[in-house]
Amino acid sequence: MGTLIKNGKMVTKENQLVEAAIWIEEGRIHAIGEAFDESGFEQVYDAQGQLVTPGLVDVHVHLREPGFTYKETIASGSRAAARGGFTTVCAMPNLNPVPDTPEKLQAVYDIIQKDAIVKVLQYAPITEELRSETLTDQQGLKEVGAFAFTNDGVGVQTAGTMYLAMKQAAELNMALVAHTEDESLLFGGVMHAGKVAEKLGLPGILSATEASQIARDVILAEETGVHYHVCHVSTKESVRVIRDAKKAGIHVTAEVSPHHLILIDEDIPEDNGFWKMNPPLRGKEDREALIAGLLDGTIDCIATDHAPHGLEEKNQTFLKAPFGIVGSETAFQLIYTHFVETGRFTLEQVIDWMAVKPAAIFGLNAGTLTVGAPADIAVFDIDHETVINDEDFESQASNTPFTGWTIKGQTSMTFVDGTLVWKEQA
């Protein structure tokens, strides 16, 4: 016999916690019940009454390898994911070299095969070198295993380029994933255009910078029939455009990041690059629109946009620091603490947004605790408080404003295909 996870608790569709034991054979879930006879199992893990969930699925991470291994590596980034309870992550292509040919993409997958401890799916770029107007060979990239196509980090600036890319992706039944940012509306902005930017004397980023490109793209998605997915939605205007597009029957999905659900620009205490992210922290009305968008289905899932940077480059002013914060190791914990514990979200909803939905919208064999499914499983301690300490991170980076925050939901164990890949040390 295989592996047993005993004494766990699973959440039901009615949001009730029930006793659960999971029997794993050959990397898959063989049976789920209240308990099984332990004798005969090769390995037995005691969940100690803690929450057992499907392994979380993150469709937006930056692993930085090749090209920027001082920030993160596939090895360290996948360990960070496992520590956060993620068993499948989808890595962005803003690398060096950019994986814009089948050969370069295969080279990234070779590193993933060697070093990753969770399942890593690699995005391919929409255009060569990300910033060009020359489309990549989508067919060739798909054959090597491209998860989807995106130029994350920069918006596709030309409508014609986006239209042709969408048309090609639709023919291949592949998703087109967009970082939406009209650079002609940036005006050198480094944080949300609002009172805090004025107070700090910093150039602001208009909400229209994001929302206007989404508006353009949903029309193109309707024209081409592509699955169009919007990265890290941050403004109320963006939510409105996506909601209207869904009502019109356009195949659009969207994600939101934990930091945009929890923080606003008024939380920024000083001109410190640890608070600099793209899109930036927005206003109160934007945050409420994002929460409402999740609750009504306008926004489909939560994704971290885990974006590691070196400490020296990040520990600068807004004008000098790069955009981005890390999130793999704190995402579930922050969402659970700030929304489930306060009664705003149910636990079942959070698991839906962080495991079930991201897998479903991209057609992944992940995000579910059902017999026959891959035994990708996370165990969380939702009863005891811990403090976020960046010295405990598996990521090479520590660029987050959440250090020192008290949370519940620390990951106790993470299993990939039935193999224990992460265990919290007592």
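Guide: Welcome! Helices (H or I, at least four residues) and strands (E, at least two) are DSSP runs, numbered from the N terminus. The model is predicted, so local features need pLDDT of at least 70 and side-chain atom pairs count only at pLDDT 80 or more, while totals for chains, interfaces and linings use all residues. Residues are numbered from 1 along each chain as its sequence is written, and side-chain values use heavy atoms, with hydrogens and water left out.

Visitor: How many helices and strands does the protein chain have?

Guide: Both kinds of element are present in the protein chain. The count is twelve helices and 18 strands.

Visitor: What is the radius of gyration of the protein chain?

Guide: The radius is taken over C-alpha atoms, and the globule rule is 2.2 Å times the number of residues to the power 0.38. For 426 residues that rule gives 22 Å, and the chain comes close to it, so it is as compact as a globular protein of that length. Its radius of gyration is 21 Å.

Visitor: What share of the residues of the protein chain count as buried?

Guide: Buried means under 20% relative accessible area, exposed over 50%, and partly exposed in between (1.4 Å probe, protein chains only). Of the 426 residues, the buried share is 61%.

Visitor: Among contacts between residues at least 6 apart in sequence, what percentage join residues at least 24 apart?

Guide: A contact here means heavy atoms within 4.5 Å. Of the contacts between residues at least 6 apart, those joining residues at least 24 apart make up 75%.

Visitor: How many aromatic pairs are there?

Guide: Rings of Phe, Tyr and Trp (its six-membered ring) pair if their centres lie within 6.5 Å; planes under 30 degrees apart are stacked, over 60 edge-to-face, and the rest tilted. By this rule the count is ten.

Visitor: How do the rings of Trp23 and Phe41 pair, stacked or edge-to-face?

Guide: Their centres are 5.4 Å apart, with 80° between the planes. Trp23 lies in strand S2 and Phe41 in the loop between strands S3 and S4, so the pair ties together parts 18 residues apart in sequence. Phe41 is buried, at 10% relative accessible area. The arrangement is edge-to-face.

Visitor: How many residues apart in sequence are the parts that Phe147 and Phe362 tie together?

Guide: Their ring centres are 5.0 Å apart with planes at 50°, so this pair is tilted. Phe147 sits in the loop between helix H3 and strand S9, and Phe362 in the loop between helix H12 and strand S16. Phe147 is buried at 11% relative accessibility, and Phe362 is buried at 13%. In sequence, the parts tied together are apart by 215 residues.
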